[in-house]
Amino acid sequence: MPQSAENIKDHISLFSEPEYKELLAQKKANYECRPSDEKVNEQLEYSKSWEYREKNFARKQAVINPHKACQPLGAVFAAAGFEETLPYVHGSQGCAAYFRSHLARHFKEASACVSDSMTEDAAVFGGLNNLVEGLLNAKHLYKPKMIAVSTTCMAEVIGDDLSAFIATAKEKEAVPTDFPVPFAHTPSFVGSHVVGYDNMIKGIFNYFWDREKGEVKPGKSNGKINIIPGFDGYAVANNRELKRYLDTMGVDYTLVGDVSEVFDTPTDGTFRMYDGGTKLDDVRDAINAKATIGLQHYCSDKTLEYVASKGQATASLNYPMGVSGTDAMLMKISELSGKAIPEAIEKERGRLVDAIADSQGWTHGKKAAVFGDPDFVLSMASFLLELGIEPTHCLCTNAGKEWEAQMKALLAASPFGADCQVWAGKDLWHLRSLLFTEPTDMIIGSSYGKYLEKDTGIPLIRLTFPVFDRHHHHRFPTMGYQGALRTLVEILDRIFEVADASSDISYDLTR
Amino acid sequence: MPQSAENIKDHISLFSEPEYKELLAQKKANYECRPSDEKVNEQLEYSKSWEYREKNFARKQAVINPHKACQPLGAVFAAAGFEETLPYVHGSQGCAAYFRSHLARHFKEASACVSDSMTEDAAVFGGLNNLVEGLLNAKHLYKPKMIAVSTTCMAEVIGDDLSAFIATAKEKEAVPTDFPVPFAHTPSFVGSHVVGYDNMIKGIFNYFWDREKGEVKPGKSNGKINIIPGFDGYAVANNRELKRYLDTMGVDYTLVGDVSEVFDTPTDGTFRMYDGGTKLDDVRDAINAKATIGLQHYCSDKTLEYVASKGQATASLNYPMGVSGTDAMLMKISELSGKAIPEAIEKERGRLVDAIADSQGWTHGKKAAVFGDPDFVLSMASFLLELGIEPTHCLCTNAGKEWEAQMKALLAASPFGADCQVWAGKDLWHLRSLLFTEPTDMIIGSSYGKYLEKDTGIPLIRLTFPVFDRHHHHRFPTMGYQGALRTLVEILDRIFEVADASSDISYDLTR
Amino acid sequence: MLKAKIAELMHEPGCATNQAKSEGERKKGCGKSLTPGAAAGGCAFDGAKIALQPITDVVHLVHGPIACEGNSWDGRNSWSSGSDLYRKGFTTDLTNLDIIAGGEKKLYKAIKQAIAKHNPPAVFVYQTCVGSLIGDDVDAVCRAATERLGTPVIPVNSPGFVGSKNLGNRLGGEALFEHVIGTVEPDDAGPCDINILGEYNVAGELDQFRPLLARLGIRLRASITGDARYREVAACHTARANMVLCSQALVTLARKMKEKWGIPYFEGSFYGISDTSDALRNIARMLIERGADPSLSDRTEALIAEEEAKAWARLEPYKARLAGRKVLLYTGGVKSWSVIQALQEVGMEVVGSSVRKATEADKSKALERLGGDEEKLADAITPRDMYAMFKDGKADMMLSGGRSQFVALKARTPWIDINQERHHGYAAYDGMVALVREIDLSINSPIWAQVRAPAPWENS
Amino acid sequence: MLKAKIAELMHEPGCATNQAKSEGERKKGCGKSLTPGAAAGGCAFDGAKIALQPITDVVHLVHGPIACEGNSWDGRNSWSSGSDLYRKGFTTDLTNLDIIAGGEKKLYKAIKQAIAKHNPPAVFVYQTCVGSLIGDDVDAVCRAATERLGTPVIPVNSPGFVGSKNLGNRLGGEALFEHVIGTVEPDDAGPCDINILGEYNVAGELDQFRPLLARLGIRLRASITGDARYREVAACHTARANMVLCSQALVTLARKMKEKWGIPYFEGSFYGISDTSDALRNIARMLIERGADPSLSDRTEALIAEEEAKAWARLEPYKARLAGRKVLLYTGGVKSWSVIQALQEVGMEVVGSSVRKATEADKSKALERLGGDEEKLADAITPRDMYAMFKDGKADMMLSGGRSQFVALKARTPWIDINQERHHGYAAYDGMVALVREIDLSINSPIWAQVRAPAPWENS
C-alpha cells in the first residue's frame with residue numbers, strides 16, 4: 001500500500017512510489033482516450049519555436065495567464081492603509097472573497113473586506129438597497145471608523161451612482177451623517193489594480209478635502225511631506241524603511257495609506273481587528289502639507305493631479321529601488337523638505353555600491369526577464385542595468401504606451417539596454433514564447449512565474465506581488481539602498497545555486 | 001572544438017560538451033590505472049552504511065574535514081575590531097596569509113594582517129629579532145594606532161616569550177614605549193579560533209588595565225555596559241542590530257571588538273586602511289563599566305574571569321538567536337543596566353512569534369543537522385526546537401564536555417529533543433556517516449557543508465562562518481528577533497524549494 | 001431560463017432533507033440569502049469553476065473582465081497526474097469597448113484561437129457578471145463554435161451574481177449533464193464501473209481511495225471532476241453506480257443521471273474510518289445489485305477488515321495524545337459533518353462546526369453527529385468572536401481554510417488547513433492517519449508553549 | 001638534510017638566469033628573504049600542498065595542528081575530472097599532548113586508518129612547522145608505513161617556516177622525484193608522450209590545451225599535477241619530453257628528470273596566442289628529435305595556423321574596445337610575464353607587473369616584455385599605494401588574486417581574478433578569448449560609471 005503509519009509520506013514524495021506510477025500510467029493508457037505521447041511531445045516542442053511565438057503574438061482575443069488584478073483589489077489594498085478602516089465592495093460577494101484570499105495568501109495575515117452581496121435582483125433594480133443594508137450591517141458588525149467603498153464590474157455595468165447611494169444611506173441612517181464613507185468607482189474592465197489604488201486614494205482625499213465639510217481651502221502649511229507609496233506587496237517592510245529614512249533626515253511626513261502595521265500584526269495575545277494605518281486626522285491635515293510625492297507613478301497619477309488642483313506641489317517617482325532610484329527619491333524629498341541627506345545614509349549608499357562592485361564578476365553579462373506592475377518593472381530594469389545585467393524582456397500586462405516609451409528611453413540610455421525588449425499589455429503566455437526563443441539566465445517577477453520556471457528551467461526570483469508560495473519575504477524591504485542590497489543577494493543566490501547545481505567539476509568552495 | 005568565440009561557454013557548462021565527456025572517459029579508461037567503476041561504487045555504497053559509520057566513529061588518529069580554525073585566526077579577528085589596530089602574527093608568514101584569505105573570502109573585504117615571517121633560523125635562535133624588526137616595519141608601513149600580537153605554532157613550540165620580547169622591542173625603539181602592543185599566546189595546537197578570540201580580547205583588556213600604566217583600579221562607574229560579541233561571521237550586521245537594540249533601550253554601552261565597520265567599508269572614493277572599531281579610550285574606560293556581557297560563552301570565558309577579577313559584574317550568554325535566546329539577552333541587559341525593554345522591541349518579538357506560527361505547518365516535524373562553533377550550534381538548536389524542527393545531529397569539532405552537557409540539557413528540556421544526538425569533537429566526515437545512516441531534511445552550517453550537500457542530496461543552509469560561496473549574507477543579521485526572522489526565512493525557502501523541485505503533481509501556487 | 005434552472009437547483013427533490021419538508025418550506029428552497037456588509041465566501045462563478053476546472057485536459061476560458069480569471073487563476077491545489085492545461089488561465093479580458101459593443105465576437109475568436117493553439121478535446125466557457133449583464137449569449141456562441149470548429153465548446157452559465165459558490169457547483173454539474181455526459185460511447189463498459197461525484201482531487205485525495213477500489217476490481221470510470229480527462233467524463237454514463245461525495249454540490253447531477261441512464265447513487269464520504277468502510281460497502285452493494293459478481297461483497301469485507309485493523313493500529317499511539325482535545329471545525333459543505341466523525345474516532349471533541357455553505361441535509365447530518373446539540377452548529381463567526389473562543393479556551397485548535405487561519409494563529413491556537421489549499425490528502429484510511437498525524441503535529445507542537453508565553457519580562 | 005636540499009633548490013643550475021650569474025651572486029641564491037612585519041604570501045607548506053594536492057585520487061594527510069589543514073582545506077579551484085578524494089582534508093590534528101610526547105605513532109595510525117578506509121593508490125604526508133619542531137621523523141614513518149601497509153606513503157618534507165610558497169612548490173616536486181616518478185612501468189610508452197610540469201588545472205585550464213595535443217596525436221602522459229592520477233605520475237618517466245609551465249616551481253624536477261631519464265625539457269607558457277603556438281612548436285620539435293614522425297611538424301603548423309586565425313578573428317571585435325587600456329598585473333611567478341604578452345596582443349598597455357613570487361628568470365622575461373622598463377616591475381605594493389595608483393588613473397584595471405581585489409574595487413576599478421580562485425580558464429587559444437572577454441566585460445561594464453559617480457547630491 002502506498003502509505004504506512006510508520007512512515008507517512010507527504011504528497012511531495014508519495015506519487016513517486018512505484019504503485020502510483022503504475023496506476024497513473026495505466027489510467028493514462030486505458031482511460032483517458034488521449035492522443036499519443038509522440039503527438040503531445042510534438043505539439044509541446046512546436047510550442048517552443050519561433051514559428052509558434054509569431055502565432056502567439058498575433059493572438060488578439062484571448063488572454064492567457066494575465067499578470068494583473070482588477071481595480072477593486074487595488075482599492076481594497078489602498079483602503080486598508082487607513083486608521084480602523086473597513087474596505088467595502090459594492091457588488092458581488094465573490095469578488096470580495098477573492099480580494100481577501102489574495103491579500104491573506106501574500107501577507108499571511110487576515111484581510112478585512114466585506115461586500116454587499118448584490119444578486120440578480122440587484123442587477124435588475126439597482127444595488128441601492130444592498131448598499132444601505134450593507135453599510136448598516138458592516139458598521140454594526142465590524143465597528144470601523146471609516147468605510148471605504150469601491151465597486152465591482154456588476155455595479156458598474158448597471159451604473160450604480162455611489163455618491164447618490166451613500167447620501168441616501170446616510171439619510172436612511174444606515175450610518176451617521178458625519179461617518180466617513182469615501183468611495184471610488186473601480187470597474188474591473190478598465191485599467192488594473194494600480195488604477196484602483198489611485199482611485200481610492202483620490203477618493204479618500206476627496207472625502208476629507210471636499211465632501212466631509214464641503215470644499216476645504218489649504219491653510220497654513222504644516223511643514224509636512226505627504227508620501228503615497230502605491231500598491232506594493234513589500235509595503236510592510238518598505239514603508240518602515242521609508243520612515244527610517246525620513247526620521248534620519250528629520251523630515252516631518254504623512255505616509256498616506258500605510259499598511260505596514262495592518263499586514264504585519266504581532267502575535268502577542270491581543271486581538272486587533274484593525275492596527276496601524278494613516279490617522280484620519282492626518283489625512284484631513286494633509287491638504288496643508290508642503291508637497292505630496294507619489295512613489296509609484298502609475299499608482300498615483302490621478303491623485304497627484306487632484307492634489308495639484310489644490311495648489312500643492314507634487315512629484316512622481318517610479319518605485320525607488322536600486323542606486324539611482326533611491327538617489328532620486330532622497331533628493332526629491334530633500335528638495336521639497338529642505339532637509340539635507342545625512343552622512344549615515346550616504347554611507348549606506350557607499351556600502352551598496354561596494355557590494356555591487358564586489359559581485360560584478362558574477363552579475364555582468366547575465367540576462368534577465370522581468371514582469372510585474374509598471375513601476376516595478378521600470379525600476380527593476382533600471383537596477384539590473386546598474387548591476388550589468390541585461391533586462392532582456394520587460395513585460396507588463398497592465399501597462400500602455402506611456403510606460404513603453406518610458407522603458408525604451410531607460411534602455412536606450414544604457415549600453416546594456418541595446419538588446420532589451422519591452423512588452424506592454426502582453427501576458428505570461430507571451431513571455432513563455434519569449435523565454436523559449438530567447439532564453440535568459442533568470443526570471444524576475446511574482447509566484448505566478450513558477451510555471452514559467454518549470455516549463456523553461458530558468459530560475460525564478462520572486463520580488464513582486466503576489467508571493468503566495470514563499471513566506472515572510474515581504475517582511476524585508478526592496479526599496480532604498482538596503483532593499484537593493486537584499487534584491488542583489490536574492491539575484492546572486494540564484495546565480496550561485498545554478499552554478500552549484502550545474503557543475504560537477506567546478507563545484508568550488510569560494511565564489 | 002569545445003569553445004567558440006560566438007558562444008564562449010563558462011566552466012559550468014563546458015564540461016558537459018560531448019567532446020569533453022569522451023576525452024575524460026578515455027582518459028579514465030586508458031591512463032588512470034584505476035579500479036573498476038563497479039569496485040569504486042561498491043566502496044562508495046559501503047561508505048554510506050551503518051557498518052562504515054561504526055568504523056568511522058572508531059577512528060581516533062586521523063581527522064577528516066575538521067570544522068574549526070586555529071587560535072590565531074580568532075585573535076586576528078578580535079584584534080581587527082579595535083580602532084586603527086593592525087593584527088600581527090608572530091610566526092610563519094604562511095599562517096598570516098591564510099588568515100587574510102579566510103577573512104577576505106568571507107567578508108568580501110580586504111583584511112589587514114601581517115606576520116614577522118619567522119624562518120628556520122628563528123626556529124633555532126628564537127624569534128626575537130623577527131619581532132623587533134617586524135614591529136618596526138609594521139608601524140612604519142601601515143601606521144596603526146595599536147599592534148595586537150598573536151602567535152603561530154612555531155613561536156609556541158620554540159617557546160618565545162611575547163611579554164619579554166615586546167619589552168625588548170620597545171627598549172630597542174622598534175615602537176615608542178607608550179605605543180599599545182597587547183599580545184596573546186595563541187598556539188594552534190590547543191583549542192580553536194574561539195579560544196584565540198577570548199585570549200586576544202583578554203590580552204587587550206590586560207594591556208590597558210594592567211600594563212599600559214601599571215595596574216589600574218576601577219574608578220567611579222561610567223554607567224556603561226561592555227558587550228563582547230564573540231567570533232561571529234555575521235558580526236557586520238549583528239553588531240549593528242545589537243546597537244539598534246541598545247540605542248532603543250537607552251543603554252549606554254561599549255561594544256568590545258566591533259568589526260561592523262571594519263569588514264563593511266563603503267565604496268565612496270575614500271581610502272580607508274582602517275575604519276571603525278572600538279575606540280582605544282573606550283577600552284581604557286571599560287574597566288569602569290557597570291558590567292560586562294559576553295554574547296558567546298565559549299568566546300569570552302577567560303576574559304570574563306579576568307573582568308570579574310577586577311570586581312566587575314559579568315554575564316555569559318550563548319549567541320542570542322531565536323525567541324528565547326534574544327529574550328535572555330534583552331533581559332540580561334535590562335537587568336544590568338536598569339533600563340526597561342520598550343514596547344517597540346516587544347512588538348518585534350510579537351511579529352517574530354507571528355511568523356513562526358504562520359509557518360508552523362511547514363516546519364513542524366522536520367529534521368535538521370547543525371554544525372559550527374559551540375555557541376552557534378547551541379543557539380541554532382534552541383531556535384530549531386522553537387520552530388518544531390528536530391535538530392537531529394548537533395556537531396561541533398571545537399567543543400568538549402561542558403558543551404556536550406549543555407547541549408544535552410537543552411535537548412532534554414524539549415519534547416522534540418528526544419531523538420537528537422550531540423557530537424562534540426567530531427568532524428564533517430563523521431557527519432557524512434550520520435547523514436547517510438540517519439538522514440535529515442536539511443543541513444545547517446557553513447560553506448564547507450556543500451560537499452555534504454552534494455554527497456547526500458540534503459540541502460545546505462549557510463548560516464555560520466565561513467560563507468565563501470555566497471555574497472553579502474553577513475550583511476544581514478542572524479541575532480535578535482529580526483535575525484531570527486531572517487533565519488526562519490532561509491530555512492523555509494529551502495523547504496519550499498525542495499517541495500517545488502521534488503513534486504511534479506503538487507507544484508502548488510500557494511504554500 | 002437561468003432563473004428557472006436556479007430555482008430547480010435550489011429545490012432539489014433528490015435531497016433527503018427536502019423530501020421531508022412541507023410544501024411551503026420546500027418552496028423557499030435550501031438556498032440562503034447572504035447578508036450585505038458581512039464577509040462572505042465565493043460567488044457562483046467561483047463555484048462553477050471549482051467544480052469543473054479539475055478536468056485537466058481542456059481549455060477553461062473565462063468570458064469576463066481580466067480579474068475574474070486573474071483573481072481565481074490556479075488558486076486551488078487540485079492536482080493532475082497528467083495534462084496541466086487546466087492550470088493555464090484563459091480569458092477574453094472584457095474591457096470598456098466590449099461592454100459597449102458586446103463581447104460575443106471576441107469570445108468566438110478567443111475560442112477559435114484556443115483550439116488552434118492547444119488542440120484540446122473540449123473548451124469550457126464560463127459566463128461572468130459582466131458578460132451576462134451586457135447580454136452576451138454564451139450558449140449561442142458555444143453552439144456556433146461547436147458546429148463550426150468541430151470541438152465541443154461547453155457553456156457554463158453561472159455568473160457570479162446569481163448566488164453562492166454552492167449554487168455555482170450545481171450549475172457546473174448542470175453543464176456537464178447537458179453538454180458532456182453521454183457524448184462519448186466507450187467500448188469497454190464493465191459491471192464494476194463507478195463514478196465519484198464531487199471529488200476534486202485536492203492534495204491528491206483521489207489517490208487515497210482509487211487504489212482501494214482497484215484492489216476490489218472496481219474501475220473508476222470517471223471522477224467528477226478531480227484529475228479527470230474530458231473523454232472520461234463524456235463516457236461516464238455507462239457506469240453502474242454513482243457515489244456523491246460533496247452532496248450539496250452535485251446531488252442534482254446524480255439524480256438526473258439516475259433519471260436518464262438509470263444509474264443509482266448514494267451519498268457518502270471518505271473522511272474517517274467508518275465512513276470510508278461504509279462507502280466501500282455501499283459501492284459493492286450497488287454494483288452487485290446491478291449485476292456484479294456477488295463475491296465482491298466478501299472481498300470488500302475482507303479488505304475493510306484488513307485496512308481498518310491496520311489503520312486503527314496506526315492511530316493507536318495518537319489516541320492518548322488527542323483524547324478530549326477540543327476542535328472547532330470552520331469549513332463548510334460536506335466537511336461540516338463528515339470530518340466530525342473522523343475526529344471523534346480518535347477521541348477528540350468537536351466543540352463547533354460551521355455550516356455556512358452546507359445544505360439542510362448537511363446540517364442535519366452534522367447535528368446528528370454532534371449529539372443533537374444545536375448550539376454547536378455555527379454560522380459565520382466574526383474574527384472578534386472567533387478570537388474570543390480561542391482566548392477563552394473553548395477550543396484547543398481549529399480546522400479551517402486559509403483565510404481564517406490567521407485569526408487562530410493570532411490567538412496562538414494550533415490550526416490546520418482542510419480546505420482547498422491543503423497540502424496533505426485526508427481521504428480514506430491512509431488519509432485519516434495523515435489527518436490525525438497532522439493534528440497531532442500541530443496541536444502537540446512545542447511551538448505553542450513558546451508562542452503562548454508572553455515576553456518573559458512581562459512576568460517579572 | 002632538509003637544509004641542504006633547500007640550498008640546492010634555491011641555486012637551481014637549470015635556471016637560465018642562474019647560469020648567467022657570477023659565482024658570488026649564485027651563492028646568494030634566487031630565494032629572497034621576507035620582510036618581517038609586512039604582509040606576505042603563503043609558506044612552504046602551502047606551496048607543497050598547492051603543487052601536489054591536484055593529484056586527485058590519493059589521500060593528502062597533513063601532519064600538524066588542526067589549522068594547517070583547516071585553513072588550507074580546499075581553498076583552490078583546482079578541478080578533477082574524476083575522483084574527489086583530494087578535496088577531503090585529512091590531518092593528524094596535533095594537540096598539546098602530542099607536542100610533549102611526539103606525534104609519530106599518531107601519524108602512523110592515521111596513515112593506516114586512511115588506507116583502510118579509502119584504499120587510495122598512495123598517501124601523501126605533509127610535514128608542518130610543529131611536526132618538524134617537535135622532531136617527528138616523517139620520512140621514517142612513511143618508510144615504515146610503506147613497508148608494512150603495502151601502499152606507497154610519500155613524505156613531503158616542507159614545513160612552513162623553511163621559506164616561501166615558491167620553495168614549497170619545489171619541495172613538492174622533490175618528493176615526486178624521490179618517491180613517485182619511475183615507480184610504475186607502463187606497457188604502452190609511445191614516441192609522442194609528453195609531461196606538463198607546473199600546471200594545476202585551476203578552473204580546468206588543462207582542458208584548454210589537452211584537446212589540441214590530442215589532435216596532433218600527442219599523449220599527455222602526466223600533467224604534474226593538475227587533474228593527475230597517482231599512477232600516471234608514477235609512470236611519467238617514460239615520456240619523451242617535458243614542458244615546464246610554472247618554471248619557478250618545478251624546473252628543478254625537470255632538470256633531474258633529464259639527468260636521470262634523459263627527458264629533454266623546455267620552459268613555456270600557454271597564456272596568449274603566440275606563446276601557445278610557440279609551446280606547441282617546441283613540443284613537436286622535441287618529440288621529432290626523439291624519434292616521432294617528422295610529419296608532426298607540418299601538422300603542428302597547420303593546427304597553429306588554423307587555431308590562430310580562428311582566435312584572432314574572435315579577438316578582433318574586442319581590440320578596438322581594449323586598445324590603450326592600462327592594466328596592473330598583480331600576481332606572481334609565471335603569470336608575471338606570461339600574461340603580459342597576452343594582454344599586449346589585444347593592444348592593452350601593462351603599466352606594472354608584480355614580481356613578488358617570481359624567480360630572476362621570470363623577472364627578466366617580464367622585463368623584456370615590458371620593453372626594459374624597470375619601473376614597471378613592482379614588488380609588493382601596500383594597499384594605500386595601490387589605491388593611489390587607481391585613483392590617479394595610472395591603471396584602468398587590475399588582474400590579481402582574491403586577497404587584493406577589494407583594494408581595486410574600493411577604488412572603483414575593474415578587476416578580474418587570475419589566481420587560484422578564478423572560475424574561468426585562460427589557457428591556450430580558447431582561454432585567451434575567454435580572458436579577453438572577461439576583461440572586456442569587466443572594464444567596459446556599465447557598473448563602473450555608476451560606481452564611480454559620487455552620490456548625486458554631492459554634486460549639487
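Predicted model: local features only at pLDDT ≥ 70, side-chain atom pairs only at ≥ 80, totals over all residues.
Residues are numbered from 1 along each chain as its sequence is written, chains are lettered from A and ligands numbered from 1 in the order in which they are written, and side-chain values use heavy atoms, with hydrogens and water left out.

The interface of chain D with chain B brings 86 residues of chain D into contact with 83 residues of chain B, contact meaning heavy atoms within 4.5 Å. The area buried between these two chains is about 7,800 Å², of which carbon and sulfur atoms give 61%; buried area is the accessible area, taken with a 1.4 Å probe, that two parts lose on being put together, summed over both. Between chain D and chain B there are 2 salt bridges, a salt bridge being a side-chain nitrogen of Lys or Arg within 4 Å of a carboxyl oxygen of Asp or Glu. The side chains of B:Glu109 and D:Lys410 form a salt bridge with an N to O distance of 2.9 Å. By class, the side of chain D that touches chain B has 34 nonpolar, 24 polar and 28 charged residues, where Ala, Val, Leu, Ile, Met, Phe, Trp, Tyr, Cys and Pro count as nonpolar, Asp, Glu, Lys and Arg as charged, and the others, Gly among them, as polar.

Turning to chain A, 28 residues of chain D are in contact with 31 residues of chain A, and the area buried between chain D and chain A is about 2,500 Å², with carbon and sulfur atoms giving 60% of it. The count here is 1 salt bridge, and D:Lys410 meets A:Asp354 through their side chains in a salt bridge of 2.7 Å, N to O. On the side of chain D that touches chain A, α19 (402–410), α20 (428–443) and α21 (447–452) of chain D each supply at least two residues; helices (H or I, at least four residues) and strands (E, at least two) are DSSP runs, numbered from the N terminus.

Over all chains, the whole structure holds 130 salt bridges. A:Asp264 and B:Arg351 meet through their side chains in a salt bridge of 3.3 Å, N to O. Because A:Asp264 lies in the loop between β6 (253–255) and α13 (280–285) of chain A and B:Arg351 in helix α16 (residues 343–363) of chain B, the pair joins two chains.

Within chain B, the axes of helix α17 (residues 374–387) and helix α18 (residues 401–412) come within 10 Å and cross at roughly 5 degrees. Axes are lines fitted to C-alpha atoms, for helices over the stretch in contact, and angles run from 0 to 180 degrees between N-to-C directions. The two helices α17(B) and α18(B) are therefore roughly parallel to each other, a description that applies to angles under 35 degrees. Among the residues that meet are B:Pro374 and B:Leu385 in α17(B) and B:Trp403 and B:Leu411 in α18(B).

Finally, the backbone: the peptide bond from A:Phe465 to A:Pro466 is cis, with omega near -5 degrees, and A:Pro466 lies in the loop between β13 (460–462) and α22 (480–502) of chain A.

Technical notes
Parallel < 35°, antiparallel > 145°, perpendicular 65-115°, else oblique.
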